[in-house]
Amino acid sequence: MTSIKSLNVLFTSVGRRVELLRAFKKAYADLGLTGNIVAVDIDPLAPALQEADCPYIVPRLSEPSYIPILAEICRREQVHLIFPLIDPDILVLARYRQELEATGARVVVVSQEAAITTADKWLTYQFFCKLGVPTPVSWLPEEARNANLRYPVFIKPRFGNAGKQAFKVCNDRELAFFLDYVPEPIVQEYLPGPEITNDVICDFEGNVLAVVSRQRIEVRWGEVAKGKTIYDSEIIHHCVAIARGLKAIGPITVQCMLRDGKPYFTEINARFGGGVPLGIAAGVHSPHWFLALAAGLPVEIPPLGSYKVGLYITRFDDSFFLTEEDYARIASCRL
């Protein structure tokens, strides 16, 4: 592979992902690469736009103009890699991979089939069962109504994300209410936890490069606020099987819950997780690896499980301050 010295990366729906963009900037500097970070969002006040070299305001995913505009940004900025940062983006990027890659960019996202599986909690449950991966028993609404459930159980949207509208259910009366209240729900065995999030890093051919496990201690807005790295060989074994079964490329995030020390896998988010800065700090330098691989630079990947265990993260809010002129400048970054 011929090495290149300039590489441009685009992130969709950057929102609050300032730490991740800063990690990529550090990777650029450490590798001696030049290039721009291109970031898009629908909101001019998305904090991470302030960290981007080339910020753009784009239409919502549901707008027909979204993909043509994203493709034009890729052409204009000579983008090499595209990463989604929220769940709804994954299926859209996978579905329109051909149009986007016609610009010369590589869409670092799972296949459309895998994106459909990960977006649907029921299909994810069936996927885990087929792989033989331990997972909580799950029911669709009609099955749940007729099952002899052992309470408590857990209910959440089949197509939800960020932990929204997810509830612990303690009796038949609550179940009847939440089956009507939660949109397209799925019911699962209740697992006491703790919850473990696993950053699974694959290369562009689907080889698993690393798995780093993070115990969630405190969650805010669906994203980890406090946590620590742990190591569990059984978790890593199953994460590798999940990534291979999914034929994953790039970063995926695999969720599991512990019961009596045994992991039960619940969800897959086929993107960088919100807590990935902890994994990076622990030694899984995924931004460096992705940039180096894309640039054709040599990269040394440590053995699986080689990361600092017992490293904690505790987060706080920081602020950017924009004048009216600053806001107008960002808001005008449109095609």
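Guide: The largest cavity has a volume of about 40 Å³, where a cavity is a set of points on a 1 Å grid over the protein atoms alone at which a 1.4 Å probe fits but cannot get out, and the volume is the space filled by probe spheres set on the points, which are joined across faces, edges and corners. Rolling a probe the size of a water molecule over the atoms shows where empty space is left. The model is a predicted one, in which local features need pLDDT of at least 70 and side-chain atom pairs count only at pLDDT 80 or more, while totals for chains, interfaces and linings use all residues. Residues are numbered from 1 along each chain as its sequence is written, and side-chain values use heavy atoms, with hydrogens and water left out.

Visitor: Which residues line the largest cavity, and how do they divide into nonpolar, polar and charged?

Guide: Lining residues have an atom within 4 Å of a point, and here they include V284, W289, I301 and Y307. The lining has ten nonpolar residues, two polar and no charged, with Ala, Val, Leu, Ile, Met, Phe, Trp, Tyr, Cys and Pro counted as nonpolar, Asp, Glu, Lys and Arg as charged, and the others, Gly among them, as polar. Strand β11 (residues 208-220) gives the most to this lining, with three residues; strands (E, at least two residues) and helices (H or I, at least four) are DSSP runs numbered from the N terminus.

Visitor: How does a pocket differ from a cavity, and which elements give two or more residues to the lining of the second largest pocket?

Guide: A pocket is an open set of points with protein on both sides within 12 Å along at least five of seven lines. The second largest pocket has a volume of about 240 Å³, and α5 (112-119), α6 (121-131) and α9 (233-246) each give two or more residues to its lining. That lining holds four nonpolar, three polar and three charged residues, among them E113, K130 and K247.

Visitor: Is helix α11 mostly covered or mostly open?

Guide: Buried means under 20% relative accessible area, exposed over 50%, and partly exposed in between, with a 1.4 Å probe and protein chains only. By that rule helix α11 (residues 286-295) is mostly covered, since eight of its ten residues are buried, including W289, F290 and L291. G296 follows α11 and has a positive phi, near 75 degrees. Across the protein, 53% of the 335 residues count as buried.
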